[in-house]
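This briefing sets out the computed features of one protein model.

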Amino acid sequence: MSSSRDLIEALKRELKLAGLTYADAAQHLGMAESSVKRMFASQGDLPLSRIDELLALLKMDFADLARRVADAQPARQMLSEAQEQAVVADPKLLLMASCCLSQWSFEQILATYRYEEAEAVRMLAQLDRLGVIELRPLNRYRLLVAKTFRWRPDGPVMRFFRQHVVQDYFDGDFAGESERLLLVHGQIGEAQIAAFNERLERVAQDFAQQHVADQRLSAAQRRPYTLLVAMRSWWFPAFEVLRRSPTPPDLPRRTIRA
C-alpha cells in the first residue's frame, strides 16, 4: 500500500463498482453530501472511523480494501541488478521464480520438482521479499511483475542463461514435431524496427497467455516448449571480415573533412 491517498481512491472505485453514489455514502454516514465530496477530494484526510463505516456499507473488511489497493499498484517491468543477483545466486530460487512467472500452482511445483514443502514455502517467501510475488495464505501468490516483464538485458539472470543455457538450447536440431528454428537476415529501415519489436512482444505474450489458459488441461495433454525471441543489429563475425567496407551496402558514406 503506497499511501492513504491510494486507500481513498480504492474506496471511490469500490463505491462506483457497487453502484453507490456520494449521496448514498452521505446518508449512511449521516453527513451532508457536500461534506462527503470534500472528504473524498482531500489529500488523504479520511478518518479511520469513516473508512470503517464505508467498508460496512460496501460489505468489505479492511483486508479486502488493502488487497484492492495492492492489485491497483503498477506492476514491475524489471527487477533491479541486486534483486536479480539474489534470484540467480540459488538455482532452486531461480527455478521457483521461473515457475511463478509461468503461474504454476504450489501443488504443481511440488509435484514436478524436488522441493520439500517447507523449502518451497521458504523460496516463495524469498521471492515475496524480493518483490517478485505477493505471498498469500495457503501458499497462493500474486505476481507483482507486468505481463511485459523482462530480465535485465545484461543483468545477472541473462548472464546466467547465456553461460549455462543457450548452448544446450541450440544444441537441439529443432527437427521434432512442432519445433521451429528460423534465421532471417536482412536490412530494413529504422522506422520499421519498433513495429517489428512490438509484434515479437505480442507473440511472446500470446505464448505466455496460452500457457496460463492451458493449465486447465491434464498433464498428458500438455508438452513443455521454450520460445526464444530475439532481434539485434549484428553481423556474423565470419562474414564481417569478408566485407569490403564497414559501411553497409546502399547506405551513403560519410565524408570527413579536415
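What percentage of the 258 residues of the protein chain count as buried? The share of buried residues is 25%, where buried means a relative accessible area under 20%, exposed means over 50%, and partly exposed lies in between (1.4 Å probe, protein chains only). The model is predicted, so local features need pLDDT of at least 70 and side-chain atom pairs count only at pLDDT 80 or more, while totals for chains, interfaces and linings use all residues. Residues are numbered from 1 along each chain as its sequence is written, and side-chain values use heavy atoms, with hydrogens and water left out.

**Overall make-up**

- The protein chain contains 13 helices and two strands; these are DSSP runs numbered from the N terminus, with helices (H or I) of at least four residues and strands (E) of at least two.
- Among contacts (heavy atoms within 4.5 Å) with a separation of 6 or more, 61% join residues 24 or more positions apart.

**Nonpolar cores**

- A nonpolar core is a set of buried Ala, Val, Leu, Ile, Met, Phe, Trp, Tyr and Cys residues joined through side-chain atoms within 4.5 Å.
- In soluble globular proteins, nonpolar side chains tend to be buried together.
- The largest nonpolar core has 26 residues, and those with the most contacts inside it are Val 87, Met 96, Cys 100, Leu 124, Leu 127 and Ile 133.
- At least two residues of this core come from each of helix H6 (81-88), helix H7 (91-101), helix H8 (106-112), helix H9 (117-129) and strand S2 (140-143); H7 gives the most, with six residues.
- A second, separate core has 20 residues, including Ile 8, Ala 10, Leu 15 and Leu 55.
- Beyond its neighbours within four places in sequence, Cys 100 is in contact with Leu 124, Leu 127, Ile 133, Tyr 141 and Leu 143.

**Salt bridges and a charged loop residue**

- The count of salt bridges is twelve, each being a side-chain nitrogen of Lys or Arg within 4 Å of a carboxyl oxygen of Asp or Glu.
- Glu 9 and Lys 12 form one of them, with their closest N and O atoms 3.6 Å apart.
- These two residues are three apart in helix H1 (residues 4-17), so about one helical turn separates them.
- Both partners are partly exposed, Glu 9 at a relative accessible area of 30% and Lys 12 at 27%.
- Arg 142 pairs with Glu 134 in a salt bridge whose closest N and O atoms are 3.1 Å apart; Arg 142 is buried, at 18% relative accessible area.
- Asp 154 and Arg 162 form a salt bridge at 2.9 Å between the closest N and O atoms, and Arg 162 is partly exposed at 41%.
- A network of salt bridges links Glu 81, Arg 152 and Arg 159.
- Glu 177 sits in the loop between helix H11 (166-170) and helix H12 (190-213) and is exposed, with a relative accessible area of 63%.
- Setting aside residues up to four places away in sequence, Glu 177 touches Arg 223 and Tyr 225.

**Aromatic rings**

- The structure holds nine aromatic pairs; rings of Phe, Tyr and Trp (its six-membered ring) pair if their centres lie within 6.5 Å, and planes under 30 degrees apart count as stacked, over 60 as edge-to-face and the rest as tilted.
- Trp 104 and Tyr 113 are stacked because their ring centres are 5.8 Å apart and their planes are at 20°; Tyr 113 is partly exposed, with 31% relative accessibility.
- Phe 170 and Phe 174 form a tilted pair, 6.2 Å centre to centre with 40° between the planes.
- Phe 170 is partly exposed at 38%, whereas Phe 174 is buried at 15%.
- Tyr 169, Phe 170 and Phe 174 are linked by ring pairs into a cluster.
- A charge sits over a ring if NZ of Lys or CZ of Arg is within 6 Å of the ring centre and within 35 degrees of the ring normal.
- Arg 199 lies over the face of Phe 196 at 4.9 Å from the ring centre, and Arg 243 lies over the face of Trp 235 at 4.0 Å.

**Backbone in the loop between the strands**

- Leu 138, in the loop between strand S1 (133-136) and S2, has a positive phi near 60° although it is a residue other than glycine.
- Asn 139 lies in the loop between S1 and S2 and has a positive phi of about 60°, although it is not a glycine.
- Leu 138 is exposed at 74% relative accessibility, whereas Asn 139 is buried at 18%.
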